[in-house]
Amino acid sequence: PSQVSFTLELEFSCSILLDHAEVMLQATSESTEVTPEDNIVKLSVPIRYEPDLFLSSNTNLHRYEVHPLGTFTHSSGPEFTTMVKVQNFGCYSIQNVTLHMALPALGHRQATILSVTHVLADNATCALQPPLEVTQVVPVPPEDLLHVDR
């Protein structure tokens, strides 16, 4: 008995979305066979389409003033607005997309440097949740910048 291996590469159209593909393979021979019925096989395989998501963000604040140690005030700083956009560039709709964002909120000596005041959502459901554990928020360590020229 001989054995042949090969790979099929199928291309699908965005205009007709299928949930499975059926392939029938038949081997023929000029010799006489005792069991010709086992020369045909039908395969049905599920099709899973790869999503084509694009994530972008834009912000209105590109710099933030850091006060020296001991002079930090607890008043609120400038308003920081950021927009996050998730776009689907694929040819079919996608459901149950979840985006998790972790925002740096603590500075040296656990000083609060960012607090979320409100969330505006368009075509999405957003939930603002505190970290499950305080240990998940890693404080930013102090850094001596006196030796840096710029």
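Author: Strand 3 (53-59) and strand 4 (82-88) each supply at least two residues of the nonpolar patch. Strands (E, at least two residues) and helices (H or I, at least four) are DSSP runs, numbered from the N terminus. The model is a predicted one, in which local features need pLDDT of at least 70 and side-chain atom pairs count only at pLDDT 80 or more, while totals for chains, interfaces and linings use all residues. Residues are numbered from 1 along each chain as its sequence is written, and side-chain values use heavy atoms, with hydrogens and water left out.

Reader: Which residues form the nonpolar patch on the surface?

Author: Patches are made of residues with over 30% relative accessible area and no salt bridge; nonpolar side chains (Val, Leu, Ile, Met, Phe, Trp, Tyr) are joined within 5 Å, and like charges within 9 Å. A salt bridge, in turn, is a side-chain nitrogen of Lys or Arg within 4 Å of a carboxyl oxygen of Asp or Glu. Here the patch is formed by Leu53, Leu55, Val84, Val86, Val97, Leu99, Met101, Leu103, Val116, Val119 and Leu128, and together they have about 930 Å² of accessible area. Of these residues, methionine 101 is found in the segment after strand 4. Accessible areas come from the Shrake-Rupley method with a 1.4 Å probe, and for residues only the protein chains shown count as cover.

Reader: How many helices and strands does the protein have?

Author: The protein has four strands and zero helices. Read from the N terminus, the order is β-β-β-β.

Reader: What percentage of the residues count as buried?

Author: A residue is buried under 20% relative accessible area, exposed over 50%, and partly exposed in between (1.4 Å probe, protein chains only). Of the 150 residues of the protein, 5% count as buried. The accessible surface comes to about 14600 Å², and 54% of that belongs to carbon and sulfur atoms.

Reader: Is asparagine 39 buried or exposed?

Author: Asparagine 39 is buried, because its relative accessible area is 18%. Its place is in the loop between strand 1 and strand 2. A contact means heavy atoms within 4.5 Å; leaving aside residues up to four places away in sequence, asparagine 39 touches Leu25, Gln26, Ala27 and Glu33.

Reader: Where is proline 46 placed, and which residues does proline 46 touch?

Author: Proline 46 is in strand 2 (residues 40-46) and is exposed, with a relative accessible area of 66%. Not counting residues up to four places away in sequence, proline 46 touches Asp19 and His20. The C-alpha atoms of proline 46 and histidine 20 are separated by 4.1 Å, although these residues are 26 apart along the chain.

Reader: Which cysteines does a disulfide join?

Author: A disulfide is a covalent bond between the sulfur atoms of two cysteines. The rule used here asks for a pair of cysteine sulfur atoms within 2.5 Å, and by this rule the count comes to one disulfide. Cysteine 14 is joined to cysteine 91, with an S to S distance of 2.2 Å. The pair links distant parts of the chain, 77 residues apart: cysteine 14 is in the segment before strand 1 (20-26), and cysteine 91 is in the segment after strand 4. The link of cysteine 14 and cysteine 91 is left-handed, with -70 degrees about the S-S bond.

Reader: How many aromatic pairs does the structure hold?

Author: Rings of Phe, Tyr and Trp (its six-membered ring) pair if their centres lie within 6.5 Å; planes under 30 degrees apart count as stacked, over 60 as edge-to-face and the rest as tilted. The structure holds two such pairs. The pair of tyrosine 49 and tyrosine 92 is tilted, because the planes stand at 50 degrees, with the ring centres 5.6 Å apart. Tyrosine 49 lies in the loop between strand 2 and strand 3, and tyrosine 92 in the segment after strand 4, 43 residues apart. Phenylalanine 54 and phenylalanine 89 form a stacked pair, 5.7 Å centre to centre and with 20 degrees between the planes. Phenylalanine 54 lies in strand 3 and phenylalanine 89 in the segment after strand 4, so this pair ties together parts 35 residues apart in sequence.

Reader: What is the phi of asparagine 96?

Author: Most residues other than glycine have a negative phi. Asparagine 96 has a positive phi of about 55 degrees, and asparagine 96 is exposed, with a relative accessible area of 78%.
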